[in-house]
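Trainee: Could you show me how to read burial and contacts in a protein model?
Mentor: Let us look at the model together and take one feature at a time.

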Amino acid sequence: MEPLSGIKIGGSSVSLAERVLRGDVRATGRLISLIENAPEEAEQELRALHAYTGNAHVVGITGSPGIGKSTLTDRLAKRWRKEGFQVGIIAVDPNSPFSGGALLGDRVRMQDLATDPGVFIRSMGARGRLGGLARATHNAVRVLDAAGKGVIFVETVGVGQSEVDIVRTADTVVVGLVPGMGDDIQTIKAGILEIADVFAINKADRPDANRLVIELQMALGTSGNADTGASARTEGRWIPPIEQTIASTGEGTGALRKAIADHWEHLQRSGELETRRRARYEAELQSVVEDHWRKRFFEYWQQRGHWEQVVEQLLRKEIDPFTAAQQLLSPFLDSEIGG
Amino acid sequence: MAERPIRVLIAKPGLDGHDRGAKVLARALRDAGMEVIYTGLRQTPEQIAATATQEDVHVVGLSCLSGAHLELFPRVVQLLKEQQADDIVVLGGGTIPSEDITALKKQGVAEVFTPGTSTQEVVEFVKRSVQL
Amino acid sequence: MFDRDALQKLEQRKTAWEQGPVAKAMERFGERSEEFRTTSELPVERLYTPLEVAETEYERDLGVPGEYPYTRGIQPTMYRGRLWTMRQYAGFGTAEESNRRYKYLLEQGQTGLSVAFDLPTQIGYDSDHSLSRGEVGKVGVAIDSLADMELLFDGIPLDQVSTSMTINAPAAILLAMYAALAQKQGVPLDKLRGTIQNDILKEYVARGTYIFPPQPSMRLVSDTFAFCAEHMSNWNTISISGYHMREAGCNAVQEVAFTLANAVAYVKAALDAGLDVDTFAPRLSFFFDAHNDLLEEVSKFRAARKLWAQIMKERFGAQDPRSMMLRFHTQTAGSALTAQQPDNNVVRVTLQALAAVLGGTQSLHTNSREEALALPTEDSVRIALRTQQILAHESGVVNTVDPLAGSYYVESLTREIEQRVLEYIDKIEELGGSARAIEQGYIQREIQESAYTHQREIENEERVVVGVNKYRISEEPPTNLLRVDPVVERQEREKLEQLRAQRNQAHVDEALEGVRVAAGGQENLFPRILEAVTVYATLGEICDVLRDEFGTHQASVVF
C-alpha cells in the first residue's frame, strides 16, 4: 500500500494541513485516512490545524439502528446549507461485525449532498478499536473544523458505550427515538438519556408517538411541561426539548434545527461551552500524554528485553511489583521533579 | 490499533436498479476485511467521484447492467483525474461485451468483470491493485 | 389418499428396504452427498412413496382443473383447449426499431407483444433529461409521449393483439398513452387486452425503478384498478411479480411468499379505496420466474395457485371464481444464464420453459442464449421462441392437464412449499404487512441473505454451474452482440424538441394543471393523466408534476 503521509498529490509539495486549510477536498480526505491509519503521523499535521479549530458547532446524532438518523442528518444538513454554512458529516458505524471489514451505507440517504462543494461526508468503521475510534472521530472533526465547516454532524449507530464516547465529543447531542420500535424508555440505556441535549422523536406520524413523548417526559422529570422547548429557553438550566419529526418528508426538522441552534446559543451564553471545551481539552491532553508516555515507556523496556525479566522476578518473588515499578520508572523521572 | 484496511467504494452509476451483484460483492469484500462504502442506486458520475475523494478510497467498483457503461465509467475516471485522484483504481462490472472492455481499459478502467466472475477473483484483484 | 392399513404395511416395507438393499448399496457406493437439497434448500428424500403424501387429501388439496382450489390449473382443459401465450419481451432503441421487431415476432408466430421500456421511461424522465444520458433506448424502447406510442404500434391494430407492458412507477401514464392510441385507432377501450406490470412494491425491494414514496404509489395503483374496472374490463391491471425478487436472489419459497404478501397489500389498498373485491380481483395477474430445479418449480406454481385461491376466498371473501384464479406469466431465469459457453443457455431455457408449462403458465417468455452479455439478436430470439414451439408441438406434455400430479415427490414438495410460504406470510403479517416489512428491510435482507448464500455455494463448489465452476473451457468472447446505436439518444432529443414546438402548449399546461389538482386531492388521477397524454404532454412532464405533489422515494440500503 502506498505511503499516506508526505506524498505529493498532483506535484504539490505543500503539507496536507495547509491544503486542508485551503479547502482542498482531496487533502481533507487524505488527512482523515492518516488519522485512521497512522495516528502518530497525523499528529504532525494536526498540530498545524489546532489554531484554526473551535469555530464549528459539533452536533452528535445517535440512536438505535433504523430510526432514520441518516435521513435526519441529511435534512438538517440541507437546512444549515441554506443558511450559508459549510457542513461536515462523519458517519460512524461502530458495530462492524467482522474484524476489520465493514459495510458503510449511511451515505445512501445523503445522495443529494455528495456533489455539494459545501458539504464533506466521511464514513468511518470500527476496525476493532474501541477507545481509538472516539479519538479518531474527534480528530476527524478537528480536520473538518479547520477546513471551515460551520457545523459538523457526527452520526453514530447504536446506543452502547462506544457511541456514548463518540458523541460526547459533540457540543450538542441529539438522541433519536422512534415510536413502536421497542424504543421504550426501559430499554434505552440510561447513559444515552443523560447525554441528550435534544430529543428527536422521528417517524412521529406513527400511532404511539405521543405515548413515547410522555414516557420520555416522565423519565426526564419534565412531565407537565406542555412545551418543554419553551422552558428550556426561559430558565438558565437547559432542559432537553423533545421534537417530533418525520425525516422522510422533512416535517418537524425545522423545529429540530431550531432546538439545536438554541442549545448552541445556550452553551455560548451560559458559558457552558467554554466549561465543556475546557473539560474536553483537559481529557484529551490527559489521554494524549498517557498514550505517549505509555508508548515511550514500553518501547524503552521492550527494546532492552528487560520487561520479561522483571515479570520472571515477580513470579519467583525476587522482587515486589511496587519496587519493580519504581525501578522501571526511574530512567524517565527527572531528578528535580522526581526528588 | 492502526490497521489499514483497504477502502472500496461500490457504486451503481446510471439508472439501472439491478444491485444483486453489487451487494453480493460488497459483502464479499467486507468479509475479506475491507471497508466498503455503498452508495445505493442511481448515482451520477459526479456523485461517485466526489464520494470517492471524500471517503479517500483505494478502489471504486462500478456496476452497471443497463448498457450505459461506455458513457458512465470513463466519465468517473475523468472526474477523478480532475480532482487529482487518479491514483484511485476504477473497476467495472456488468453485462459488458468484450469490445467494450477493451475500450474501457483504454480509457483508464483498470479491469472489467463480467457475469460468472467469482467474488474471490475480485477480492484478489483489489488486494493486488492496492499493493502496487 | 391412502388407507391406514396400506400405509402401515408400506412403512414396514420401506424400513425393510432401507435396512436391506439401500444399506447394502450404500456400503458399496455410498451416495454422492450426505444430504440432497432443492435450489431453495428444501431437503430431498431418497424415495417418495404414499407415506410422504399421506396428509394430502385429494378433494381438499387438489380437486379438478378449473375448480377451487385450482391446484391443478385454472382452466378445465388447459393446453388441450388453447396453448399458452408465447410472449417475448422485446424493445430497444427507438419506437420505429421496436415496431419492426414486433412485426417480425408476430410474423414468426408469436401471439402477444411484450414491451420493454428503457430506464428513463421506467423512472419517468424524458430522453432529454440529464439523468437519461447514456441510458436512452438501452434496455428497452424510449417512450416520451403519445407520439412515440403511435410509432411503436404503427400498423398493429390494438384490438388484434394482447400487449404486456413492463412498466411500474409510471404505469398509469403508459397505460393512458395506450388507451389514447386506441381511441385514435377507433378501438373501444374495453376491447383492449393486455397487462401492465404496475407492481410498485417489488420495485422497492428488487428492481429499483421506483419514483414516488409507497403511499402515493399505492394510490396510483388503486386509481388504475378503479378506472379499468369501469372502462377496460379486459385489461390486467397489475402483474404482481415474484420474478425480480427471485432474480435478486431469493429462493422459490420466498418468491411465492413475498409475491403473495404483496398481492395481499394491493387487495387491501383497493378495498380501502372503496372497491368491491370482485370488481378488480379478476384482473389481478401474476408473474413468476422459472428456474432450473424442474420439479421444485412445477411444485411452486401449483402451491402458489392453491394458496392464492385460499387467500381470496377465505380471507377476502371473494365470490367470483375468477377472483380466486392465479393467472400468471412466466419468464425463464435470467440469473441462471451464464456468460460462459452461452449456447448451453439454450438447454437451460428449455428446462425452465418445461417447468413453466408443466406448472400451468398462461404465458411465457423464454430468454435468449446471450442475455448474460447483451440484448438478444433476432437469431437468438427465434431460437428462444422455437423452444416454446417445440415444447408445445413436439414434447407431448401439453396433451393432458397437470401431468405431474400424483407424483409422490411433486405432491410432497407442493405441500412443503405451501407450508413454508404460509410461515413467511404469517411473519410478514406480524411485521404489519408487506409495505411495513419492506420499510423495515426485512424482505430485502431475506433476499440478500439467499443471494449471498447461493454465491458462496457456487464459489465453494457445493453447487455446480456447468461452464462456470466446472467443465470450463477457454473460449473466445462472443461477437455479433446487439448494440444500441448511441445516435438513438440524439434522435429522441430531436423528436422531443419538435414535439414541444408543434403541440398546443396552452392545452398541455391546462392538462398538467388538471393532473396537479387531482394529485393533491382525492379524485381518480387516471382520467386527468389520460387528458394530459392525449394533448401530448410528455411522460417526464407528467411525472415532474407528480414528483412535486408526491415527493420522491428515498431508498435505504439494507445489508
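**A buried lysine and a helix**

Mentor: Not counting residues up to four places away in sequence, C:Lys300 touches C:Arg246, C:Ala252, C:Glu255, C:Val256, C:Phe288, C:Asp289 and C:Ile417, where contact means heavy atoms within 4.5 Å. This is a predicted model, in which local features need pLDDT of at least 70, side-chain atom pairs count only at pLDDT 80 or more, and totals for chains, interfaces and linings use all residues. Residues are numbered from 1 along each chain as its sequence is written, chains are lettered from A and ligands numbered from 1 in the order in which they are written, and side-chain values use heavy atoms, with hydrogens and water left out.

Trainee: Is C:Lys300 buried or exposed?
Mentor: Buried means under 20% relative accessible area, exposed over 50%, and partly exposed in between, using a 1.4 Å probe and protein chains only. C:Lys300 has a relative accessible area of 0%, so C:Lys300 is buried.

Trainee: Which helix of chain C holds C:Lys300?
Mentor: Helices (H or I, at least four residues) and strands (E, at least two) are DSSP runs, numbered from the N terminus. C:Lys300 lies in helix α12 of chain C, residues 294–315.

Trainee: Which residues are buried in helix α4 of chain B?
Mentor: In this helix, residues 98–106, the buried ones are B:Asp100, B:Ile101 and B:Leu104. They cover an arc of only 105° around the axis, counted from the directions from the helix axis to the C-beta atoms, and therefore sit on the same side of α4(B). The buried residues of α4(B) pack against α3 (69–82) and β5 (111–113) of chain B.

Trainee: What follows α4(B)?
Mentor: B:Gly108 follows, and its phi is positive, near 105°.
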